[in-house]
Amino acid sequence: MSKKHKKLGNKGKDFSAKIFKILSKEPNKTFNYKQIAAILELNDTQSRNEIIKELKYLTSKEKIEEVDRGKYRIITKADYFEGVIDMTSRKTAYFVCPDLEDDVFIPTNNLNHSLDGDKVKIYIYNRRKGRRPEGEVVEIIERKKTDFVGVIDIQKNFAFVTSANPKMYTDIFIPKDKMGEAQNGDVVLVHIEDWPAKADSPFGVVTKVLGRPGEHNTEIHAILAEYGLPYDFPIEVEAYAKKLDTSIQESEILKRRDMRNTLTFTIDPKDAKDFDDALSFEKLPNGNYEIGIHIADVSHYVQEGTVLDDEAYQRATSVYLVDRVVPMLPEVLSNFACSLRPHEEKYTFSAVFELNEKAELVNQWFGRTVTYSDQRFAYEEAQHIIETKGNQIPAEISLTGKDYTVDAPIVEATLKLNELAKILRKKRMQNGAISFDKVEVKFHLNENAEPTGVYFKVAKDANHLIEEFMLLANRKVAEFIGKQKKTFVYRIHDEPDQDKLINLQTVISKFGYSINFKSKDAISKSLNTLLEDVQGKKEQNLVDTLAIRSMSKASYSTENIGHYGLAFDYYSHFTSPIRRYPDVMAHRLLQHYLDGGASADAEVYEEKCMHSSTMESLAANAERDSIKYMQVKYMQDHKDEAFLGVISGVTEWGIYVEIIENKCEGMVRIREIRDDYYTFDEKQYALVGEISHNIIQLGDEVIVKVKNADLVKKQLDFHFIKKKDS
């Protein structure tokens, strides 16, 4: 009896959702049960009776109203909300809306063709048995994306494309005449053209064939295509860039401050090709130091209203993948004309500061300059000078591959800049800045871009030296304009969400750490203590990652709210215009105001800021995916090895394990742990054995082997061997 009742309840609920959809599409129109039955193509008596019952029930709950005898209309009130769909990997979703305290669950059958990230309108209704509110998508306002990457499966007269993205819950139907040159099994880019109301899958067209699955270039191009990022420049943009006059002209030098005779040098990664910034150093007669932060004058070449500027704006950022850079600007600019290469004169935009021995700001100047770089250093070379206080660079770290001697003035400048940078950094930390020095995973690649080894990039004094002076320039440029109350492009960072910090506290307490919530200052200090305490520990990467995730996301805006992570009231991006469009905008606005211009249109720049933030996020996702891809590729060749890992996540379906020696992360499914029957304990972040009561929890060290390495899904599955020392 109860089963029969349950079945009818489900049927009624299905009708409820369908009735909502019909009535909400035309909120001003009335419908009777016959019209609703006809739309639903139901003509049997039982179904019609169910519709009548459901209409009465919904009327009693004041969800709909009976306007005339037997004629119903939806009650349009605050049950409708607009927001964004956040898909899970289980074909269900959550509806995210700033007007709602909690996200709303959307069952699969209520998605109504909406996809991850779509902006939608939903109706929220309460399930009958006291369960949480659920919603139904009643309108798709705007698709987040219509282009998807997947593998094509060709049948006789049609094909389907299946995406490796776990949040893309449907395949895409491709008619025979829209397959292009695709062969069965190819990785393709497909554009969704339509999704008919009664079709299970959207209809699409193949727009590009990317290659065969698992091939290196195919997978890298697939990553870029998945996020709508380009990997080459249109012919007209390349042609325009090549025609630019990139020579240094005497007439232009006369318009600038000439700093070619001031000692100037660059410090960059050893494999860098674009040098955005250089430092100049001069000791003044009064004992103070004049330090110039010289930035490539990209806006001199990239003029507004040109195809070059349009392309740079659309890209908004360079994309740094494991094996290549997809630049924002064509190579003729990014690697040559704009790049501050050694022993070449360059047009620059500079922030020049006079600092005393205590690194206090005595004077500042902003403007266009012409500079000459006397020396190019790799970080390793500058670090060697700092550590030895000497002038000899050994062959093993030298950019030239040979021993060489550094001129005494450059050694003196490097050491003094390092001293001043340390004072600036100490002040910043005292003011509440948070030191996020997350370890970066890097790969040694052979000539075929295959990974032969993994290494970690750790920030040292030479990195901090450059960082502090770039921060100083960014901060002071923003402050200079911000205090004039004129429109500017700020880099903003809000305070962390309290709930995220509480979640972080729950996790780190497993390792014996804690956060002090007493005040904003106490939170910052305890976060810094946490990040210091985990250095070199097995849980460092996990804690670093979770701490960063607990922070708000930095973004670009004309509305200045300051930068929480850096503890700055004013902050902008001014120092990397070769690779970031917001820096180009900052240069243009600064020059405009130096020339006495009126405040720019905030609305126009806010839109550009939003676009830049979006593109930055897409680029970061692509960079992350390329690292995951390379980690999977690396682990393919190590299937027979046992690895020590730390449990970085625990879910009801299994555990995530991060290998300590190379930071590769994979999953062990719960059913693969064979020594007991394990269930998930949410409170402990643990799996608990039913018989043995063994606990496998977050932070435990375990031994694993590679079970499967899927290059297309960028996914690792591990065999569970045992807990360490068990």
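Is Asp-717 buried or exposed? The views below come from a predicted model, and the first one takes up this residue.

**View 1. Asp-717 sits in strand β35.**
The strand covers residues 715–723. Asp-717 is buried, with a relative accessible area of 13%. That value falls under the 20% limit, so the residue counts as buried. Look for its contacts beyond four places in sequence. They are Met-667, Arg-669, Lys-705, Val-706, Lys-707 and Asn-708.

**View 2. Glu-290 lies in strand β16.**
This strand runs over residues 289–296. Glu-290 is buried, and its relative accessible area is 18%. Its side chain makes a polar contact of 3.5 Å with the side chain of Arg-257. Residues up to four places away in sequence are set aside in the contact list. Glu-290 then touches Arg-257, Met-259, Ser-280, Phe-281, Glu-282, Leu-284, Val-352, Phe-353 and Glu-354.

**View 3. Lys-25 belongs to helix α1.**
Helix α1 spans residues 2–25. Lys-25 is exposed, with a relative accessible area of 58%. The cut-off for exposed is over 50%, so Lys-25 passes it. Now find Pro-394. Along the chain, Lys-25 and Pro-394 are 369 residues apart. Their C-alpha atoms are separated by 74 Å.

**View 4. Helix α12 crosses helix α16.**
Two packed helices are described by the angle between their axes and the distance between the axes. Helix α12 holds residues 461–482, and helix α16 holds residues 581–594. Their axes come within 11 Å and cross at roughly 45 degrees. The two helices are therefore oblique to each other. The crossing of α12 with α16 is left-handed. On the α12 side, the contact uses Val-477, Phe-480 and Ile-481. On the α16 side, it uses Leu-590, Tyr-593 and Leu-594. What kinds of residues make up the contact of α12 with α16? There are 6 nonpolar residues, no polar ones and no charged ones.

**View 5. Helix α8 packs on helix α17.**
Helix α8 covers residues 307–315, and helix α17 covers residues 602–636. The angle is about 60 degrees, and the axes are 8 Å apart. That makes α8 oblique to α17. Tyr-313, Gln-314 and Arg-315 of α8 meet Glu-607, Lys-608, His-611 and Met-615 of α17. This contact divides into 2 nonpolar, 2 polar and 3 charged residues.

**View 6. Several residues of helix α8 are buried.**
They are Leu-308, Asp-309, Glu-311, Ala-312, Tyr-313 and Arg-315. Which elements do the buried residues of α8 pack against? The helices are α5 (235–243), α7 (298–301), α9 (331–337), α16 and α17, and the strand is β18 (325–326). Just after α8 comes Ala-316, with a positive phi of about 65 degrees.

**View 7. Helix α4 meets helix α17.**
Helix α4 runs over residues 216–226. Its axis and that of α17 come within 9 Å and cross at roughly 155 degrees. That makes α4 roughly antiparallel to α17. Their crossing is right-handed. From α4, the contact takes His-216, Glu-219, Ile-220 and Ile-223. From α17, it takes Ala-622, Asp-625, Ser-626, Tyr-629, Met-630 and Lys-633. The residues of this contact divide into 5 nonpolar, 2 polar and 3 charged.

Definitions and conventions: Residues are numbered from 1 along each chain as its sequence is written. This is a predicted model: local features need pLDDT of at least 70, side-chain atom pairs count only at pLDDT 80 or more; totals for chains, interfaces and linings use all residues. Side-chain values use heavy atoms; hydrogens and water are left out. Axes are lines fitted to C-alpha atoms, for helices over the stretch in contact, and angles run from 0 to 180 degrees between N-to-C directions. Helices (H or I, at least four residues) and strands (E, at least two) are DSSP runs, numbered from the N terminus. Angles under 35 degrees count as roughly parallel, over 145 as roughly antiparallel, 65 to 115 as roughly perpendicular and the rest as oblique. A crossing is left-handed if the near helix is turned anticlockwise from the far one by less than a right angle, and right-handed if clockwise. Contact means heavy atoms within 4.5 Å. Ala, Val, Leu, Ile, Met, Phe, Trp, Tyr, Cys and Pro count as nonpolar, Asp, Glu, Lys and Arg as charged, and the others, Gly among them, as polar. Buried means under 20% relative accessible area, exposed over 50%, partly exposed in between (1.4 Å probe, protein chains only). A polar contact is a pair of N or O atoms within 3.5 Å; within protein, one must be able to donate a hydrogen and the other to accept it, and residues adjacent in sequence count only if both atoms are side-chain atoms.
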